[in-house]
Amino acid sequence: MRWKVQGANAILALRCSIESGPLDGYFDRVREVFARELSAFTTNPVDSATSA
């Protein structure tokens, strides 16, 4: 299997979380990153410029 750096980092973080105990902290970070990426996607200035 081949991994891109982002995917490999995500799997490594998940495996470390599994080995160290509860996954609450891991999924909190996943939610934060997802929310940040989603807000960047929805506030893209290119999209708002083309709809005007």
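Which elements of the protein have the lowest and the highest mean pLDDT? Helix α3 (residues 45-51) has the lowest, at 56, and helix α1 (residues 5-20) has the highest, at 85. Keep that in mind as you go through the views below, since this is a predicted model.

**View 1. The whole chain is built from helices.**
Let's start with the overall picture. The protein has three helices and zero strands. Follow the chain along its sequence and you get the pattern α-α-α. Of the 52 residues here, 4% are buried. The accessible surface comes to about 4800 Å², and carbon and sulfur atoms account for 62% of that area.

Averaged over the protein, pLDDT is 77, and 79% of the residues reach 70 or more. Helix α1 (residues 5-20) has a mean of 85, the highest among the elements. Where pLDDT is low, the predicted coordinates should not be read in detail.

**View 2. The largest pocket is lined by residues of α1 and α2.**
Here we zoom in on the largest pocket, with a volume of about 250 Å³. Its lining is made of Gln6, Asn9, Ala10, Ala13, Tyr26, Arg29, Val30, Val33 and Glu37. Two elements, α1 and α2, each give two or more residues to this lining. The largest share comes from α2, with five residues.

**View 3. Ala13 and Tyr26 are two residues of the pocket lining.**
Stay with the largest pocket and pick out Ala13 and Tyr26, both part of its lining. Ala13 sits in helix α1. Is Ala13 buried, partly exposed or exposed? Ala13 counts as partly exposed because its relative accessible area is 30%, which falls between the 20% and 50% cut-offs. Along the sequence, Ala13 and Tyr26 are 13 residues apart, while in space their C-alpha atoms are 7.5 Å apart.

**View 4. A salt bridge joins Asp28 and Arg31.**
How many salt bridges does a search of the whole structure find? The search turns up one. In it, the side chains of Asp28 and Arg31 meet, with 2.8 Å from N to O. Both residues belong to helix α2 and lie three residues apart, which is about one turn of the helix. Asp28 has a relative accessible area of 39%, so Asp28 is partly exposed. Arg31 is exposed, because its relative accessible area is 54%, over the 50% cut-off.

You'll find Phe34 in helix α2 (residues 24-42). Why does Phe34 count as exposed? Its relative accessibility is 54%, and anything over 50% is called exposed.

Terms used. Residues numbered from 1 in each chain as written. Predicted model: local features only at pLDDT ≥ 70, side-chain atom pairs only at ≥ 80, totals over all residues. Heavy atoms only, no water. Helix = DSSP H or I, 4+ residues; strand = E, 2+ residues; numbered from the N terminus. Buried < 20%, exposed > 50% of the residue type's maximum accessible area, 1.4 Å probe, protein only. Areas by Shrake-Rupley, 256 points an atom, 1.4 Å probe, with all protein chains shown as cover. pLDDT = per-residue confidence, 0-100. 1 Å grid on protein atoms, 1.4 Å probe; cavity = no way out; pocket = protein on both sides within 12 Å on 5 of 7 lines; lining within 4 Å. Points joined across faces, edges and corners; volume = space filled by probe spheres on them. Salt bridge = Lys/Arg side-chain N within 4 Å of Asp/Glu carboxyl O.
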